[in-house]
Amino acid sequence: MPAQDVASQRRWGRISEQRAGQLQRQVQAKEERIVELETENAVLHLRLAQYRGTSGKGAGAAAQLCSRCPEREPPRRSAALAAPQLWRRVQALKQDTEALRASSLEVFRACREHLQDGLSEVVAAVQRAPLCHEALLAWQSKAGRLERSLQEASARYELERQKRKLLHNRLVELKGNVRVHCRIRPLLPSDEEFDGQASRDSSAPAGVVHAVDDETVLVRWDRPAHRSIHKTYSFERVYGPAESQQVVFADVCPLLTSLLDGYNVCILAYGQTGCGKSYTMLGPLSKDERGDLGIVPRAAGELFRLISENPSRSLKVDVSIVEVYNDNILDLLANERRPAVSGPPWEVPMTKATKREVLPPTRAPVRSAEDFVALAAGSLRFRARRATRVHASSSRSHLVMTATVTAAPAGGSPEDGQSLGPQLQGRPAGGRASPGSPGAQRAGEQVHAKLQLVDLAGSECAGVSGVTGAALRETSFINRSLAALADVLGALAEHRDHIPYRNSQLTRVLQDVLGGDAKLLVILCVSPCRKHVAETLRVLGFGAQARHVQRGPAGGGGDATRKPRNQ
Ligand code: ADP
Ligand code: MG
């Protein structure tokens, strides 16, 4: 039964009860009035009898007086005069009494009619009650049926949504698009809005950036004196502030299976400083830090778990960790080559003849996830950081961790294998990967696939972060390299002939994953705060642009069903 009908049944029942009560009270009042009137009537009868007695006595006394004093005429006359007066008063009282009786009768009749009406209404209501109850039961069962069909429809909708999502992902894959996820960080005690929001109902949406569903972000800010902001963006996945590191990694995890299937994979965190890039990518790496693990340690665990599932493949992993600081590439694993952050201990020059990158960074072999994490944690001690107004420990460099998975050559051990990856040795520098790669594997090449985990430095507005001097120079380099990244993505999205990779060291380092056919996942990290809204809109715009990039042979209208390297 629809809730509306149940409510109207209940309302009707209440009205009937109220009406019966009213009538009962009216009848009671009328009965009391009748008793009062009857009492008055009796009193009046009594008084009439008294008057009659008095007038009788008066007439008797007058007659006596007249008989005793036959000579005194005047008293007899006055008694004779008083008698008609009394008579008239008696008549008037009689009339009053009659009128009273008539009106009492009228009231009584009216009361009786009301009472009868009320009673018949009550009887009718009582007779209807079982019918209402039946109708109620019928409505209830109808409501149950509707609820069940709603649940079924919701389940079917969810199924269709999941199917659509899978198909969309497949489409993204076939087109060679960049996957873009967006994560909204929670409000932090350091945020201006935190106090206001924390004191309010916790269910109220905080900040101005909201996850409408798991694919849509809404930026909404109704500003009294300015134009309101109301913009939505769609991405492959959107994480609300409450979503955990585990949930974020669950969506990243399938990419590691792709890695072992022979695809190159790059996961890149992009966003304003202080919006959760390092939290998402790294989380706490050393035991002294508290919090939930980020993508790097979880990916390391999953990588070695997958490798251990198939020991016969003899895969080995080498790790290199570099940072791009002030447009210099610094090798974080070659401590002796890194005297200070002021000078580049090594660079990635591009030779005109080959357009290939040479001089790879130090690569350390790792045999377990723990080794990987310890290496990452150790190298991060050297990463450039600085306190700004926006972030107390702002990363001032782009961090690129690369895990190269190599396979043992047929009949040999992994250690015999050539460890340099095609990205560093033999891949073309153009925007598109060569046909067939990474599916194609050249003779003698042992590189299986490469995983790049990138924690970019945050874009920032110098006015907001309040930096000066060396920090301002860093900010300028960071913003320039991020602008170069956006330019590269823009050129790729528009299928331009010239892709400006060489405009910054960051785009040079990421050239293969940006222009090649690696599986590239960009995680946009945004703050929900009002004061960061301009930067948030810029970051979301970057993500929307990145989604339009189509790379690889499929993007160029080539083979959309390319195969992974080793299949
Ligand atoms: P970024 O690397 O983008 O400059 P950080 O990752 O260092 O920013 O995050 C800034 C602060 O916000 C850190 O204190 C971090 O712990 C916190 N933070 C970021 N994202 C989250 C989140 N999803 N949940 C809880 N805290 C977060
Ligand atoms: Mg950071």
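Trainee: In which helix of this predicted model is Lys277 found?
Mentor: Take the residue range of the helix, 277-281. Lys277 falls within that range, and the element is helix 5.

Trainee: Which side chain of opposite charge is nearest to Lys277, and how far away is it?
Mentor: Lys277 is buried yet has no salt bridge. A salt bridge needs a side-chain nitrogen of Lys or Arg within 4 Å of a carboxyl oxygen of Asp or Glu. The nearest side chain of opposite charge is Asp455, at 5.6 Å.

Trainee: Which backbone oxygen does the side chain of Lys277 reach?
Mentor: Leaving aside neighbours within four places in sequence, Lys277 is in contact with residues including Tyr270, Gly271, Asp455 and Cys525. Its side chain reaches a backbone oxygen at 3.2 Å, and that oxygen belongs to Gly271.

Trainee: How many residues of strand 7 are buried?
Mentor: Both faces of strand 7 are covered. On one side the buried residues include Leu315, Val319 and Glu323, and on the other they include Lys316, Asp318 and Val324. Strand 7 is largely enclosed by the rest of the structure, because the buried residues number eleven of eleven.

Trainee: Over how many bridges do strand 7 and strand 12 pair?
Mentor: Strand 7 also runs antiparallel to strand 9, with three bridges, one of them pairing Val319 with Ala364. In strand 12, residues 398-407, Ala407 is the bridge partner of Leu315. The pairing of strand 7 with strand 12 is antiparallel, and the number of bridges is ten.

Trainee: Which residue takes a positive phi in the hairpin of strand 7 and strand 8?
Mentor: Strand 7 and strand 8 pair in the antiparallel sense over four bridges, and Glu323 stands opposite Leu330. The hairpin has two residues between the strands. The residue with a positive phi, near 50°, is Asn326.

Trainee: What is the bridge partner of Val209 in strand 3?
Mentor: Strand 2 and strand 3 run antiparallel and are joined by four bridges. Strand 3 covers residues 216-221, and the partner of Val209 there is Val219.

Notes. Residues numbered from 1 in each chain as written. Chains lettered and ligands numbered in written order. Predicted model: local features only at pLDDT ≥ 70, side-chain atom pairs only at ≥ 80, totals over all residues. Heavy atoms only, no water. Pairing = 2+ DSSP bridges. Buried < 20%, exposed > 50% of the residue type's maximum accessible area, 1.4 Å probe, protein only. Lys, Arg positive; Asp, Glu negative; His and termini not counted. Polar contact = N/O pair within 3.5 Å; in protein donor to acceptor, adjacent residues only side chain to side chain. Contact = heavy atoms within 4.5 Å.
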